[in-house]
Amino acid sequence: SLPASPTESRSPQEVLERVFGYPQFRSGQEQVIQHLLDGQDVLVLLPTGGGKSLCYQIPALVKSGTAIVVSPLISLMQDQVEQLREVGVSAAFVNSSLEPERQQQIIQQLQAGKFDLLYVSPERLLQPGFMNLLTSLDIALFAIDEAHCVSHWGHDFRQDYRALGLIKQRFPQVPVIGLTATADSATQADIVTQLHLDTPYIFKGSFDRPNIRYRVMPKYKAFDQVVSYVKRQEGSGIIYCNSRAKVDDLYAKLHRQGFKCAAYHAGMDSDEREYVQRRFLNDQIDIVVATVAFGMGINKSNVRYVVHHDVPRSIESYYQETGRAGRDGLEAEALLLFDEKDAARVRQWIDQGERADRNAVELQKFAAMEAFAEAQTCRRQVLLNYFSQFSDTACGNCDICLDPPKLIDGTVLSQKVLSCILRLQQQAASQYVIDVIRGKALKRIQEAGHQHLSTYGIGKEHSDSYWHNIINQLIHQGLIRVDIVANAALRLTEAARPVLKGEAPLQLASPRLEFKPERKSKAP
Ligand code: ADP
Ligand code: ZN
């Protein structure tokens, strides 16, 4: 398509410069493009704004034939096609928003080879008639945007994405590129499986968002916390809650206090939701109180803060949701209000989920979220480690780095925990271990005869959340392992032995559990 002369096609570099007006590729783009041009499947993992689109748009222009781009959202398709037309690329979209006559027109132009790129919704693509039509055409490549939608492990599973594996079966010779801003490795593996990608070239960029400051506060009188927080903020913000009822409630309260805000959730009709989105985009309202429904396709660059009123179900969702802050690269903040009781409730929901086979993975994902919330070391390191992007330096831009926790001698505390786990034959999960340490008069403890253990009641002086925090630190330090397959029973590792025997001292962070009003200062 668009050859410079009939015999000679243009190089990726030329297309980058002449069509898109950029002097050089960003990290990864060139390799991805080359692999596609060589006919290989590709998976690209780059955060939002990382430059994924050019990865398939340039090969679409370099290769002959039409590139088919699958996109889940009509608004995204329209934006992309408009932008391409502005730079003189022949592109179009077909989806349910178009009149049948217009669709017919586009199909005819497609058959005539008029397009370098055609954007389609998954359900349109998968219509048998459309698939058959494509087999008779010269297809340059298939691009699956928001590819994580194909996976249950992603944060945005879509039923109609599931069948996209058909593409590779019907068009084994045509390269497929999946693109996502998801970095989670379970999701990554699932995308490859579900799309039937054939030994794909995988490019994963940096997922760090250095301008976002991560902060966690123990949740206590959450409404007061939210109000005092947003009062101190300037500019736009999003507040995420985990249910529609909470969204409505928090919205009403904030509204009564005079904040320019709106609610957003899937229970509202689409006109209403669009209206909220538009006013937010135009800075007519400052705050959107929302469920996770407020997500993909929100393209506002100057969101200054994202508050999580409730803990998300995975660190992946957390990353995506906080990632809506600071797209303009300026200072932004992500605040999580964390409560051990919320966490226990989430664990229970997951446990009661319909698909038992999925629960173990989801529990693990949530454990990672908890680890972030309870981290006593740099939160950005915890976050990036989860995405397998290890960094050995603390970030300097999270609450832990800015206000490090106090270190205490944790030898006796950890001996209490470790020996209790041992006395319980390494069969008990953390809450039960804590119940025993605190000497609770519970029926299940009595039935098991555990009130006679020497460790029963040796930790009465501290609260449940205090002990949870200690246990989590011991997990992070590698002394305890959670056996997910055995009902999250706590097991000791080799590293626990010297501490238990008193041969090695152990430092722990003093758990910060009480709510303390935050200082105003924004500067480090
Ligand atoms: P993503 O799809 O990963 O969210 P986009 O493809 O929309 O990101 O790209 C984000 C922005 O970066 C766009 O404005 C795009 O034009 C720009 N961009 C992409 N690649 C380059 C490049 N090589 N040089 C300069 N700007 C680029
Ligand atoms: Zn940090």
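Okay, let's start with two helices: α2 passes α3 in a right-handed crossing. On the α2 side, the residues making the contact are Gln29, Val32, Ile33, Leu36 and Leu37, and on the α3 side they are Leu54, Cys55, Ile58, Pro59 and Val62. Sort those contact residues by class and you get nine nonpolar, one polar and no charged. One thing to keep in mind while I talk: this is a predicted model.

So how do the axes of α2 and α3 sit? Helix α2 covers residues 29-37 and helix α3 covers residues 53-62; their axes come within 9 Å and cross at roughly 45°. That angle makes α2 oblique to α3.

Now, Gln29 and Leu54 turn up again around ligand 1. Have a look at what surrounds that ligand: besides Gln29 and Leu54, the shell includes Tyr22, Phe25, Arg26, Leu46 and Thr48, and then the run Gly49, Gly50, Gly51, Lys52 and Ser53. By class, the shell around ligand 1 splits into four nonpolar, six polar and two charged residues.

Next, the sheets. One is an open sheet of seven strands, and if you walk across it the order is β3-β4-β2-β5-β6-β1-β7, with parallel pairing. Which strands stand at the edges? Those are β3, residues 91-94, and β7, residues 201-204; each has a single partner strand, so one side of each is left without a neighbour in the sheet. From one strand to the next, the twist averages 15°.

Let's zoom in on one pair there. Strand β5 (residues 139-144) runs parallel to strand β6 (residues 176-180), and three bridges pair them.

How many bridges join β9 to β12? Five, between residues 236-240 of β9 and residues 303-308 of β12, and the two strands run parallel. In that pair, Ser236 has Val303 of β12 as its bridge partner.

The axes of α14 (residues 315-322) and α16 (residues 356-374) come within 8 Å and cross at roughly 55°. Those two are therefore oblique to each other. From α14, Ile315, Glu316 and Tyr318 make the contact, and from α16 it's Lys365, Ala368, Met369 and Phe372. That contact has five nonpolar, no polar and two charged residues.

Last stop: helix α20 (residues 430-437) packs with helix α22 (residues 464-476) at about 125°, with the axes 10 Å apart. Left-handed or right-handed? The crossing of α20 and α22 is right-handed. Ser430, Ile434 and Ile437 of α20 meet Asp464, Trp467, His468 and Ile471 of α22. Those contact residues divide into four nonpolar, two polar and one charged. Okay, that's my tour!

Terms used: Residues are numbered from 1 along each chain as its sequence is written. Chains are lettered from A and ligands numbered from 1 in the order in which they are written. This is a predicted model: local features need pLDDT of at least 70, side-chain atom pairs count only at pLDDT 80 or more; totals for chains, interfaces and linings use all residues. Two strands pair if DSSP finds at least two bridges between them. Helices (H or I, at least four residues) and strands (E, at least two) are DSSP runs, numbered from the N terminus. Axes are lines fitted to C-alpha atoms, for helices over the stretch in contact, and angles run from 0 to 180 degrees between N-to-C directions. Angles under 35 degrees count as roughly parallel, over 145 as roughly antiparallel, 65 to 115 as roughly perpendicular and the rest as oblique. A crossing is left-handed if the near helix is turned anticlockwise from the far one by less than a right angle, and right-handed if clockwise. Two residues are in contact if their C-beta atoms, placed from the backbone, lie within 7 Å. Ala, Val, Leu, Ile, Met, Phe, Trp, Tyr, Cys and Pro count as nonpolar, Asp, Glu, Lys and Arg as charged, and the others, Gly among them, as polar. A residue is near a molecule or strand if its C-beta atom, placed from the backbone, lies within 6 Å of it.
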